[in-house]
Amino acid sequence: MNKPVILTGLRANGELHLGNYLGGMLPMVQLQAKYAGEYQVNMFVPDLHSFTTPIDHGKLYLQIVQNLKLFVAAGLDISNDDTYIYRQSYVPMHSELTWILDCFTYFGELSRMTEFKDKASRLGHESISVGLYNYPALMAADILLYAAKYVPVGDDQRQHIELTRDIALRMNNKFNKDLFVVPAEWTEQVAFAERDAGVRIKSLRNPTKKMSKSIDDPAGTILLTDAPEAAVKKIMGAETDSLGVIHYDIEAQPGISNLLQILALLINEPLSRVADTWDGKTAYSDLKKAVANEVKVFLHDFQTKLAAVNEADLLRKLEASEFLMRDVAGQRLYKIQQAVGLRP
Ligand code: AMP
């Protein structure tokens, strides 16, 4: 267990969508395949993050197990001995470390998080929980407990990765320079995942907003469980613009740029190359058809793999991983407790 760690998590607060897959799952699965044997891979369900905004709690437990199956359908090889899958709430050290980190995180820092500000403005003042405000500290604990250097996440999480670095550096400075492994900075994270830039898939209906499971936007969101034909209709109905010429430009042509980004990730080519191929073409419908076709093939393949997931194997791996992670996380928490003076 001395290998450097790549870690990512996907919340179980609804069905996962194409943005989750392209921003969080795909890079993890690609990195696992590329670095098998060299890195430890932690892919977990941050279940305590699931109700920072209101959810149907009656469905949560099943969604957690479903999320784990989605990891396997996405291509995560759970037979790999350096790969661990776990549920955050089954490793209680996450919560304990959060409290310690909270006391070294500033009110002003958390108040500046744009994810918090966006969600808070949608929810209205009375419904904003302290959990929504504080979740970046829990995310920092999720990362720092396992000394993860690389954390493949979508661009929406960039600020939280930067905050995690700030907290780790601050505490290393105060207590011991080796207390935490500081995660790589954002540009290095993006380069490690072999992306041109951070990935932020937009709503097909409102391409200035990210594709999201918490927004009530069914026509703008492709769920991983959508029937392939229904997904094709959503792509063909995607909002574009009236400029009439394809050009990758997030500001002037957000809808077209979103389609180019989805296409590049699904066919596993650099965004710059795909943008060059389509640049100057005038038939938006040809681009939509190309994207729709790739999405259809992807969903068909994904859903076939999902139906074939062996639940018994998954649960066996899950329990073994959680047993080990409690040990690893417990040892690291103890060192942090010592550093802050809670243990001899
Ligand atoms: P969450 O749904 O907030 O738990 O996010 C799980 C993962 O999906 C994280 O890596 C996010 O950065 C990523 N993600 C969520 N929405 C998008 C999106 N629209 N585009 C790209 N990545 C996303």
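On a 1 Å grid over the protein atoms alone, a cavity is a set of points where a 1.4 Å probe fits but cannot get out, and its lining residues have an atom within 4 Å of a point. The structure is a predicted model, in which local features need pLDDT of at least 70 and side-chain atom pairs count only at pLDDT 80 or more, while totals for chains, interfaces and linings use all residues. Residues are numbered from 1 along each chain as its sequence is written, and side-chain values use heavy atoms, with hydrogens and water left out. Two cavities of 30 Å³ or more are counted, and the ligand takes up the space of the largest cavity, where sitting in a cavity requires more than half of a molecule's atoms to lie within 2 Å of its grid points.

**Ligand surroundings**

- The ligand is surrounded by 18 residues, each with a heavy atom within 4 Å of it; G154, D156, I201, M211 and K213 are the closest.
- Helix α1 (residues 18-34) contributes four residues to this shell, the most of any element; helices (H or I, at least four residues) and strands (E, at least two) are DSSP runs numbered from the N terminus.
- The shell comprises five nonpolar, eight polar and five charged residues; Asp, Glu, Lys and Arg count as charged, and Gly is among the polar residues.

- A polar contact is a pair of N or O atoms within 3.5 Å.
- The side chain of D156 has an N or O atom 2.5 Å from an oxygen atom of the ligand.
- For N20, a side-chain N or O atom is 3.1 Å from a ligand oxygen atom.
- A polar backbone atom of I201 lies 2.8 Å from a nitrogen atom of the ligand.
- Of the 480 Å² of accessible area that the ligand has on its own, the protein covers 95% (Shrake-Rupley method, 1.4 Å probe).

**Largest cavity**

- This cavity holds about 590 Å³ of space, a volume being the space filled by probe spheres set on the grid points.
- Its lining has 32 residues, and G9, R11, N20, D156 and Q157 lie nearest the centre.
- At least two lining residues come from each of β1 (5-9), α1, α5 (114-123) and α6 (130-144).
- The lining has twelve nonpolar, twelve polar and eight charged residues.

**Second largest cavity**

- About 160 Å³ of space lies here.
- The 18 lining residues include P152, V153, Q189, V190 and A193, which lie nearest the centre.
- Two or more lining residues come from each of α1 and α8 (186-192).
- By class, 13 lining residues are nonpolar, four polar and one charged.

Terms used: A polar contact is a pair of N or O atoms within 3.5 Å; within protein, one must be able to donate a hydrogen and the other to accept it, and residues adjacent in sequence count only if both atoms are side-chain atoms. On a 1 Å grid over the protein atoms alone, a cavity is a set of points where a 1.4 Å probe fits but cannot get out, and a pocket is an open set with protein on both sides within 12 Å along at least five of seven lines; lining residues have an atom within 4 Å of a point.
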